[in-house]
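I opened the structure and kept short notes on what I looked up.

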Amino acid sequence: MYNQLFFLLTILWVLQGCAQNGSDSQGESRPYVVDIKECLEKEHTVLLSELVDTIEYLELKTPKDLIITNIRDVKPVEDFLLVKARLILYKFTSDGQYITTIGNWGQGPGEYDGAIDFDVDYEKREILISDCNNLYHYDYDGKYLYMNKGTNFCYFTFQDSLIWA
């Protein structure tokens, strides 16, 4: 996730440097025009220190029988973190202590067939998990609440009480 975010920020920064001025001769604002060919011809070195002022590393502390690899997403929520790794969603304290696994991976009631994406409904205090077929709702403690069946989308964002897929 952080590598993808860093890459996206780097590309946006490079493209911004190639953009034409954002206002015309009368001072009217207009959209930026990016000459992709010009940007690709110029070599740019971007230092991480130009993008951020600090970097913090957090060690995730898990029980000995739980090995977490391939972390794909981390989302801070109130006083805890949600970490998606290898199609499973985990809950950690803000200082990295393992709390629980959100839901279960499987075929039974309330179980998802791999957490492809997740988001949080902050108003209802629910965690939403998509497995490309259904949308599962859990409370902040990881207890299964209900499922929206047949949603048929993998990636989504929950914002303003709406699901954007």
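Which residues does Asp117 touch, not counting residues up to four places away in sequence? I listed Lys84, Leu128, Ile129, Ser130, Cys154, Tyr155 and Phe156, where contact means heavy atoms within 4.5 Å.

I noted that this is a predicted model, in which local features need pLDDT of at least 70, side-chain atom pairs count only at pLDDT 80 or more, and totals for chains, interfaces and linings use all residues. Residues are numbered from 1 along each chain as its sequence is written, and side-chain values use heavy atoms, with hydrogens and water left out.

Entry on charge. I found Asp117 buried and without a salt bridge. Buried means under 20% relative accessible area, exposed over 50%, and partly exposed in between, with a 1.4 Å probe and protein chains only. A salt bridge needs a side-chain nitrogen of Lys or Arg within 4 Å of a carboxyl oxygen of Asp or Glu. Lys84, the nearest side chain of opposite charge, is 6.1 Å away; Lys and Arg count as positive, Asp and Glu as negative, and His and the chain ends are not counted.

Entry on the strand. I placed Asp117 in β7, residues 117-121; strands are DSSP runs of E with at least two residues, numbered from the N terminus. Five of the five residues of β7 are buried, so β7 is largely enclosed by the rest of the structure. Asp117, Asp119 and Asp121 point one way from β7, and Phe118 and Val120 the other way. In a regular strand the side chains alternate between the two faces of the sheet.

Entry on the partner. I saw β7 pair with β8 (residues 126-130) in the antiparallel sense over five bridges; pairing requires at least two DSSP bridges. Phe118 stands opposite Ile129 in β8.

Methods
Helices (H or I, at least four residues) and strands (E, at least two) are DSSP runs, numbered from the N terminus.
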